[in-house]
Amino acid sequence: TYKLFVLPAIKLLLGDNSNQIKIKAILLHDINKNDNKKYFIRGIICNNEDGELTVRSTGTQSSGALISMSLANCLIVFDEESTGGKIGEKVNVIML
(Lines give C-alpha, C1' and ligand atoms only; values in the text may rest on other atoms or scores of the structure.)
Protein backbone atom coordinates (compact mmCIF):
# COMPACT_ATOMS: atom_id res chain seq x y z
CA THR A 1 0.00 0.00 0.00
CA TYR A 2 2.95 2.34 0.58
CA LYS A 3 3.97 2.17 -3.10
CA LEU A 4 0.38 2.61 -4.27
CA PHE A 5 -0.76 5.47 -2.05
CA VAL A 6 1.92 7.06 0.14
CA LEU A 7 4.85 7.30 -2.29
CA PRO A 8 2.77 8.83 -5.13
CA ALA A 9 1.33 11.38 -2.66
CA ILE A 10 4.81 12.35 -1.44
CA LYS A 11 6.09 12.63 -5.02
CA LEU A 12 3.14 14.82 -5.97
CA LEU A 13 3.79 17.13 -3.00
CA LEU A 14 7.43 17.39 -4.09
CA GLY A 15 6.44 18.24 -7.67
CA ASP A 16 7.47 14.87 -9.16
CA ASN A 17 4.86 13.89 -11.76
CA SER A 18 6.48 10.59 -12.79
CA ASN A 19 4.08 7.66 -12.81
CA GLN A 20 4.41 4.06 -11.72
CA ILE A 21 5.61 1.61 -14.35
CA LYS A 22 2.48 -0.12 -15.70
CA ILE A 23 2.76 -2.87 -18.30
CA LYS A 24 0.84 -5.84 -19.72
CA ALA A 25 1.89 -9.46 -19.20
CA ILE A 26 0.49 -12.89 -20.06
CA LEU A 27 -1.19 -14.60 -17.12
CA LEU A 28 0.18 -18.10 -16.43
CA HIS A 29 -2.83 -19.35 -14.44
CA ASP A 30 -6.44 -18.43 -13.75
CA ILE A 31 -7.18 -15.88 -11.02
CA ASN A 32 -10.80 -15.68 -9.91
CA LYS A 33 -12.41 -12.55 -8.51
CA ASN A 34 -15.97 -12.54 -7.21
CA ASP A 35 -16.65 -9.08 -5.82
CA ASN A 36 -16.61 -5.46 -7.00
CA LYS A 37 -13.35 -4.42 -5.34
CA LYS A 38 -10.15 -3.44 -7.11
CA TYR A 39 -7.61 -6.26 -6.67
CA PHE A 40 -3.84 -5.91 -6.34
CA ILE A 41 -2.42 -9.46 -6.44
CA ARG A 42 1.23 -9.96 -5.52
CA GLY A 43 2.95 -11.50 -8.52
CA ILE A 44 6.18 -12.60 -10.14
CA ILE A 45 6.89 -11.31 -13.64
CA CYS A 46 9.52 -12.74 -15.97
CA ASN A 47 10.27 -13.39 -19.64
CA ASN A 48 9.35 -16.72 -21.19
CA GLU A 49 11.49 -18.53 -23.79
CA ASP A 50 9.91 -16.41 -26.56
CA GLY A 51 10.83 -13.18 -24.78
CA GLU A 52 7.24 -12.37 -23.79
CA LEU A 53 6.45 -11.03 -20.34
CA THR A 54 4.54 -13.52 -18.22
CA VAL A 55 3.15 -13.17 -14.72
CA ARG A 56 1.91 -15.48 -12.00
CA SER A 57 0.64 -15.01 -8.49
CA THR A 58 3.02 -15.56 -5.58
CA GLY A 59 0.42 -17.83 -4.04
CA THR A 60 -1.47 -16.91 -0.91
CA GLN A 61 -2.35 -13.23 -0.65
CA SER A 62 -2.76 -13.24 3.12
CA SER A 63 -1.36 -10.17 4.87
CA GLY A 64 0.72 -12.47 7.08
CA ALA A 65 2.35 -14.32 4.18
CA LEU A 66 5.85 -12.85 4.34
CA ILE A 67 7.31 -15.27 1.79
CA SER A 68 4.64 -14.20 -0.70
CA MET A 69 5.55 -10.55 -0.08
CA SER A 70 9.27 -11.14 -0.41
CA LEU A 71 8.91 -13.04 -3.71
CA ALA A 72 6.74 -10.41 -5.41
CA ASN A 73 8.28 -8.09 -7.99
CA CYS A 74 4.96 -6.77 -9.28
CA LEU A 75 1.26 -6.34 -8.57
CA ILE A 76 -1.35 -7.83 -10.91
CA VAL A 77 -4.23 -5.35 -11.15
CA PHE A 78 -7.88 -6.24 -11.66
CA ASP A 79 -10.37 -3.36 -11.81
CA GLU A 80 -13.70 -3.32 -10.00
CA GLU A 81 -15.64 -4.51 -13.07
CA SER A 82 -13.31 -7.45 -13.73
CA THR A 83 -14.14 -11.05 -12.85
CA GLY A 84 -10.45 -12.00 -12.76
CA GLY A 85 -8.14 -13.37 -15.42
CA LYS A 86 -7.81 -16.57 -17.43
CA ILE A 87 -4.62 -18.38 -18.41
CA GLY A 88 -3.06 -16.79 -21.51
CA GLU A 89 -4.88 -13.49 -21.06
CA LYS A 90 -2.94 -10.19 -20.98
CA VAL A 91 -3.36 -8.45 -17.64
CA ASN A 92 -2.29 -5.11 -16.19
CA VAL A 93 0.79 -5.20 -13.98
CA ILE A 94 2.48 -2.55 -11.80
CA MET A 95 6.19 -3.10 -11.28
CA LEU A 96 7.48 -2.84 -7.71
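**Exercise 1. How many helices and strands are there in the chain?**

You're looking at a predicted model, where local features need pLDDT of at least 70, side-chain atom pairs count only at pLDDT 80 or more, and totals for chains, interfaces and linings use all residues. Residues are numbered from 1 along each chain as its sequence is written, and side-chain values use heavy atoms, with hydrogens and water left out.

Step 1: Know what to look for. Helices (H or I, at least four residues) and strands (E, at least two) are DSSP runs, numbered from the N terminus.

Step 2: Tally them up. The chain has two helices and seven strands.

Step 3: Starting at the N terminus, you get α-β-β-β-β-α-β-β-β.

**Exercise 2. Work out what span helix H1 should have, and check it against the model.**

Step 1: Grab the rule. The expected span of a helix is 1.5 Å times one less than its number of residues.

Step 2: Apply it. H1 covers residues 2-13, which is twelve residues, so it should span 16 Å.

Step 3: Compare. The end C-alpha atoms of H1 are 15 Å apart, which agrees.

Step 4: Peek past the helix. After H1 comes Gly15, and its phi is positive, near 85°.

**Exercise 3. Decide whether Thr54 is buried or exposed, and list what it touches.**

Step 1: Find it. Thr54 sits in strand S4, residues 53-57.

Step 2: Use the cut-offs. Buried means under 20% relative accessible area, exposed over 50%, and partly exposed in between (1.4 Å probe, protein chains only). Thr54 has 5% relative accessibility, so it's buried.

Step 3: List the contacts (heavy atoms within 4.5 Å). Skipping neighbours within four places in sequence, Thr54 is in contact with Ala25, Ile26, Leu28, Ile44, Ile45, Cys46 and Asn48.

Step 4: Zoom out. Buried residues make up 30% of the 96 residues in the chain.

**Exercise 4. Find which side chains meet in a salt bridge, and say what the pair ties together.**

Step 1: Recall the test. You need a side-chain nitrogen of Lys or Arg within 4 Å of a carboxyl oxygen of Asp or Glu.

Step 2: Spot the pair. The count here is one salt bridge, and Asp79 and Lys38 form a salt bridge at 3.6 Å, N to O.

Step 3: Asp79 is in the loop between strands S5 (74-78) and S6 (84-85), while Lys38 is in the loop between S2 (31-32) and S3 (39-47), so the pair ties together parts 41 residues apart in sequence.
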